[in-house]
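Here is a short report on one protein chain. The structure comes first, and the notes follow.

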Amino acid sequence: MRVVVALAALLFAPGTGIADESAWHAYERGDHAAAAKLYAQGAKQGDRLAQFNYAMMLFRGEATESERGEALHWLRRAADAGMMQAQYNMGLLYESGAVVPKSLTEATAWFERAAGQGHTEAQVSVATQYFLGRGAPKDYARAAHWYREAANGGDVGAQYILASMYEKGDGVDRDLRLALYWYAKAAQQGDAVALVKARALARQQEAESR
């Protein structure tokens, strides 16, 4: 399943505890059985990173579920404990309907929780939900807020969209100076269309200033 594969590609990281480090080293050397056992122990003790990593191993098929839905259980536990990557993953699951019943409203809620903690991809996702009115009322102002957060975090797509919103006045006061700024930011990261837009706006502003 595409989303489960996408989830599996996300964070795997050593924690600060001895058990977390031992689990990480076991995973790195390919001893998935030992890593899963250690992560499971940590998960049951309330370690949210262990909960997340154990869930990811279960989603990847690198560990065997002891009961149906165990992977989702531990992912949700990590998300409820405030781990932003887990919250973002929950949003992906609800967005796609993988493992859980599809709910764009739930997806938006999880994306926004992760976005509020500074997760750039979640910021883009929740911005898009508000921009399209998907799983939330259409709200260009809130969309602009989250695209701005993601743009400040370096997301090139968010930078381009935010520039366009400033150019058109969607959800923000129309401001060609800021539109040019964000198009230029996106262009600096290799967005060819943003470069064209930035040059056109620069010429327009130069002509208007004469």
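## Helix α9 and its packing

In this predicted model, the buried residues of α9 pack against α7, α8, α10 (156–168) and α11 (176–188). Those buried residues are Ala143, Ala144, Trp146, Tyr147, Ala150 and Ala151.

The length of α9 fits expectation. The helix covers residues 140–152, which makes 13 residues. At 1.5 Å a residue, α9 should span 18 Å, and its end C-alpha atoms are 18 Å apart, so the two values agree.

Both ends of α9 have features of their own. At the start, the backbone nitrogen of Ala141 has a side-chain oxygen of Asp139 within 3.1 Å. Just after the helix, Gly154 adopts a positive phi of about 100°.

## Aromatic pairs

The count of aromatic pairs comes to five. One of them joins Tyr88 and Phe111. Tyr88 belongs to helix α6 and Phe111 to helix α7, so the pair ties together parts that are 23 residues apart in sequence.

Are these two partners, Tyr88 and Phe111, buried or exposed? Tyr88 has 8% relative accessibility, so Tyr88 counts as buried. Phe111 is at 0% and therefore also counts as buried.

Ring pairs also build a cluster from Phe131, Tyr140 and Tyr147. Of these, Tyr147 is among the buried residues of α9.

## The nonpolar core

How many residues does the largest nonpolar core have? It has 65. Tyr39, Tyr54, Leu75, Met90 and Leu93 make the most contacts inside this core. Helix α4 (residues 48–60) is the top contributor, giving nine residues.

Setting aside residues up to four places away in sequence, Tyr54 touches Ala36, Tyr39, Ala40, Ala63, Thr64, Glu70 and Trp74. One of these, Tyr39, is also listed with Tyr54 for the most contacts inside the core.

Gly82 sits in the loop between α5 (70–80) and α6. Its relative accessible area is 17%, so Gly82 is buried, the cut-off being under 20%. Beyond its neighbours within four places in sequence, Gly82 contacts Arg48, Gln87 and Gln117. Gly82 and Gly116 are 34 residues apart along the chain, and their C-alpha atoms are separated by 11 Å.

Val99 lies in the loop between α6 (84–96) and α7 (104–115). Phi of Val99 is near 75°, a positive value in a residue other than glycine. Is Val99 buried or partly exposed? With a relative accessible area of 46%, Val99 is partly exposed.

His119 is placed in the loop between α7 and α8 (120–132). At 6% relative accessibility, His119 counts as buried. Leaving out residues up to four places away in sequence, His119 touches Met84, Gln85, Tyr88 and Ala114.

Note on methods: Residues numbered from 1 in each chain as written. Predicted model: local features only at pLDDT ≥ 70, side-chain atom pairs only at ≥ 80, totals over all residues. Heavy atoms only, no water. Helix = DSSP H or I, 4+ residues; strand = E, 2+ residues; numbered from the N terminus. Buried < 20%, exposed > 50% of the residue type's maximum accessible area, 1.4 Å probe, protein only. Core = buried A, V, L, I, M, F, W, Y, C linked by side-chain atoms within 4.5 Å. Contact = heavy atoms within 4.5 Å. Phe/Tyr/Trp six-rings, centres within 6.5 Å; stacked < 30°, edge-to-face > 60°. Expected span 1.5 Å × (residues − 1). Polar contact = N/O pair within 3.5 Å; in protein donor to acceptor, adjacent residues only side chain to side chain.
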